[in-house]
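Biologist: Could you take me through this model before I start on my own notes? I would like the overall picture, then the helix packing, then the aromatic residues.

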Amino acid sequence: PVTFGRKAWELSARAYYIAQELNLEEQFSKAMFRKIHIENKEPVDVSDIGAIFLTLGVDKKTFNKAATSFIVNSNLSKAEFLAKKFKVAAVPYFLINKKYETGKDSYESEKALFRLWNNLPAKDF
């Protein structure tokens, strides 16, 4: 997840990297989707994100430690750096072997995308 320099997107990107740090990506993604799209309650600050993690069994201390951790901050910075370096303008965007770029117009179906992903790296060998 990247923010493209948008402050409004930082909370969601940070939330993903917190989930990653706590090994809860899948569970968090489902809980976040439910919060936004079913309950119509988009998180507006870090405490709202913390409340979602609380429903997943993460205590406040563990959440706060992850939310302010070096690794979460580094992952967020790295994503922004890479997005600028590779001139990512939109998502979805896929970069394979730092050489092959694909975006939403590069495939007609999920099956075609997976075929592309599996075949491109072999071209380098």
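**Overall picture**

Modeller: Of the 125 residues in the chain, 28% count as buried, and please keep in mind that this is a predicted model.

Biologist: OK, and which elements does the chain have, and in what order?

Modeller: The chain has six helices and two strands, and reading from the N terminus the order is α-α-α-α-α-β-β-α.

Biologist: What box do the C-alpha atoms fill?

Modeller: Taken along the principal axes, the C-alpha atoms fill a box of roughly 50 × 30 × 25 Å. As for contacts with a separation of 6 or more, 49% of them are between residues 24 or more positions apart.

Biologist: On to packing, then. How do H1 and H5 cross?

Modeller: Helix H1, residues 7-21, and helix H5, residues 70-85, have axes that come within 9 Å and cross at roughly 130°. H1 and H5 are therefore oblique to each other, and their crossing is right-handed.

Biologist: Which residues meet there?

Modeller: From H1 there are Glu-10, Ala-13, Arg-14, Tyr-17, Ile-18, Gln-20 and Glu-21, and they meet Ile-71, Val-72, Asn-73, Asn-75, Leu-76 and Ala-79 in H5.

Biologist: And what about H2 and H3?

Modeller: The axes of helix H2, residues 25-38, and H3 come within 10 Å and cross at roughly 120°. That crossing is right-handed, and the contact is made by Phe-28, Ala-31, Met-32 and Lys-35 of H2 with Ile-49, Ile-52 and Phe-53 of H3.

Biologist: Let's switch to aromatics. How many aromatic pairs are there?

Modeller: The count comes to four aromatic pairs. One of them is Tyr-16 with Tyr-17, an edge-to-face pair at 5.5 Å centre to centre with 75° between the planes.

Biologist: Are those two tyrosines buried or exposed?

Modeller: Tyr-16 is partly exposed, with a relative accessible area of 27%, whereas Tyr-17 counts as buried at 8% relative accessibility.

Biologist: And how are the rings of Phe-53 and Phe-63 arranged?

Modeller: The ring centres of Phe-53 and Phe-63 are 5.4 Å apart and the planes are at 35°, so the pair is tilted. The pair links distant parts of the chain, with Phe-53 in helix H3 (residues 46-55) and Phe-63 in helix H4 (residues 60-67), 10 residues apart.

Biologist: What is their accessibility, and which cluster do they belong to?

Modeller: Phe-53 counts as buried at 0% relative accessibility, and Phe-63 counts as buried at 4%. Together with Phe-28, Phe-53 and Phe-63 form one aromatic cluster.

Biologist: What sits over the ring of Trp-9?

Modeller: The charged end of Arg-6 sits over that ring, 4.3 Å from the ring centre of Trp-9.

Biologist: Last topic, the backbone. Which residues have a positive phi without being glycine?

Modeller: Among them are Phe-4, with phi near 50°, and Asn-40, with a positive phi of about 55°. Most residues other than glycine have a negative phi.

Biologist: Where do they lie, and are they buried or exposed?

Modeller: Phe-4 lies in the segment before H1 and is partly exposed, with a relative accessible area of 27%. Asn-40 lies in the loop between H2 and H3 and is exposed, with a relative accessible area of 64%.

Note on methods:
Residues numbered from 1 in each chain as written. Predicted model: local features only at pLDDT ≥ 70, side-chain atom pairs only at ≥ 80, totals over all residues. Heavy atoms only, no water. Phe/Tyr/Trp six-rings, centres within 6.5 Å; stacked < 30°, edge-to-face > 60°. Buried < 20%, exposed > 50% of the residue type's maximum accessible area, 1.4 Å probe, protein only. Helix = DSSP H or I, 4+ residues; strand = E, 2+ residues; numbered from the N terminus. Lys NZ or Arg CZ within 6 Å of the ring centre and 35° of its normal. Axes fitted to C-alpha atoms, helices over the stretch in contact; angles between N-to-C directions. Parallel < 35°, antiparallel > 145°, perpendicular 65-115°, else oblique. Left-handed = near helix turned anticlockwise from the far one by under 90°. Contact = heavy atoms within 4.5 Å.
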